[in-house]
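I opened the notebook to look up the charged side-chain contacts in this model. The entries follow in the order I made them.

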Amino acid sequence: MKGSFKKAVVASTLILFLSPAMAINELDSTNKVLFYKTIDDNSTKLSASSASTHAEKIDTLSRILLGSEYVGGSVGEGEQGKYDKDPLTRFDVFDCTTYVETVLAGAMSSTSEAFKTNLMRLRYKDAKVSFVTRNHFPSLDWFHNNQAILQDITPDVANGGARVAKTIVDKAAWYQRISSDVIHCDAESSRDCRELLAQLHAEGKAFVPEPAYLPYVPLTELFLGSDRHVNQEVLDRIPSGSVISMVRPDWSLRQYIGTNMNVSHQGLAIRKNGTLFLRHASLTHKKVVDENFAEYFSQYSASSSLKGFNVQILR
């Protein structure tokens with residue numbers, strides 16, 4: 001990955017964590033009402049535990065939000081939060097992870113009243129809402145802290161061909177790169193802002209670099225031979241409703257955000273009329289879209305830092 005594309009991806013990674021607060025609009029309320037109604041309607045129609053039911057719920061709920069605008073870092077700790085006062089929930093704009101979290105929380109919920117609790121379980125360690133306990137890093141925090149909710153089926157999908165991405169996540173260094181944008185103030189003109197930012201930086205000093213591991217299906221398993229024809233058997237092993245995470249092993253971002261990572265993007269696998277699609281909040285398209293799964297990954301050559309994808313399902 002090089003040139004303007006790499007700058008765009010790095011910028012989006014920073015935005016994911018460090019976006020200013022935004023006004024809630026009418027679309028947020030409209031989508032919320034429809035989303036909640038669908039959760040409640042599903043509870044009267046479907047059993048709450050089967051894999052097929054999860055897939056149906058994920059398809060239905062994620063479809064409601066198709067076309068929603070891509071905006072990085074649009075949610076935070078809420079008005080009472082110490083650092084990031086963005087809303088706890090939004091239904092009008094998403095980044096890749098907040099879209100996945102919203103849909104999964106909806107699918108986990110037997111009633112709309114349970115939605116917010118389930119969302120906090122997914123987004124924060126032990127469901128404790130704070131900047132420090134948020135699952136900021138997928139391969140270190142998000143998957144590890146949600147093992148009771150998600151099951152990693154990547155080895156099964158790869159059918160013996162899985163590999164493991166490894167990196168060191170340096171949260172302490174990442175915290176030091178956080179600017180006053182995230183706490184919605186001007187550090188240059190406000191002493192209070194500078195003090196709050198210093199507190200946030202100090203919070204990060206409690207962390208030490210940690211290894212992060214994540215299995216992935218190599219793209220060389222999905223595309224075979226010199227002509228890179230699609231291995232349909234791999235696609236057939238991916239259940240509809242799966243969480244798909246794009247894996248860039250030891251992704252070299254240290255000079256930009258203070259640490260390397262393993263995951264650059266997330267979405268959902270949705271099967272329509274026998275064809276697998278990736279439904280995701282796309283930075284490229286600036287909205288939530290469906291893209292043919294194989295076609296999406298075919299754009300990445302052997303020289304790309306994107307080497308494969310991880311697959312997880314709701315338990």
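**Salt bridges**

I started with Lys 171 and Asp 141, whose side chains form a salt bridge with an N to O distance of 3.0 Å. The model is a predicted one, and I read the distance as a computed value. Next I checked where the two residues sit: Lys 171 is in helix H8 (residues 171-176) and Asp 141 is in helix H6 (residues 138-142), so the pair ties together parts that are 30 residues apart in sequence. I then looked up burial, and both Lys 171 and Asp 141 are buried.

I turned to Arg 123 and Glu 101. Their side chains meet in a salt bridge at 2.7 Å, N to O. I asked which helices hold Arg 123 and Glu 101. Arg 123 belongs to helix H5 (residues 115-123) and Glu 101 to helix H4 (residues 96-108), so this pair ties together parts that are 22 residues apart in sequence. Arg 123 is buried, and Glu 101 is buried too.

Are Asp 92 and Arg 90 buried or exposed? I found that both are buried.

I then went past single pairs. Asp 59, Arg 63, Lys 272, Arg 279 and Asp 290 are linked by salt bridges into a network.

Last, I looked up the total. How many salt bridges does the structure hold? I noted 9 of them.

Technical notes:
Residues are numbered from 1 along each chain as its sequence is written. This is a predicted model: local features need pLDDT of at least 70, side-chain atom pairs count only at pLDDT 80 or more; totals for chains, interfaces and linings use all residues. Side-chain values use heavy atoms; hydrogens and water are left out. A salt bridge is a side-chain nitrogen of Lys or Arg within 4 Å of a carboxyl oxygen of Asp or Glu. Buried means under 20% relative accessible area, exposed over 50%, partly exposed in between (1.4 Å probe, protein chains only). Helices (H or I, at least four residues) and strands (E, at least two) are DSSP runs, numbered from the N terminus.
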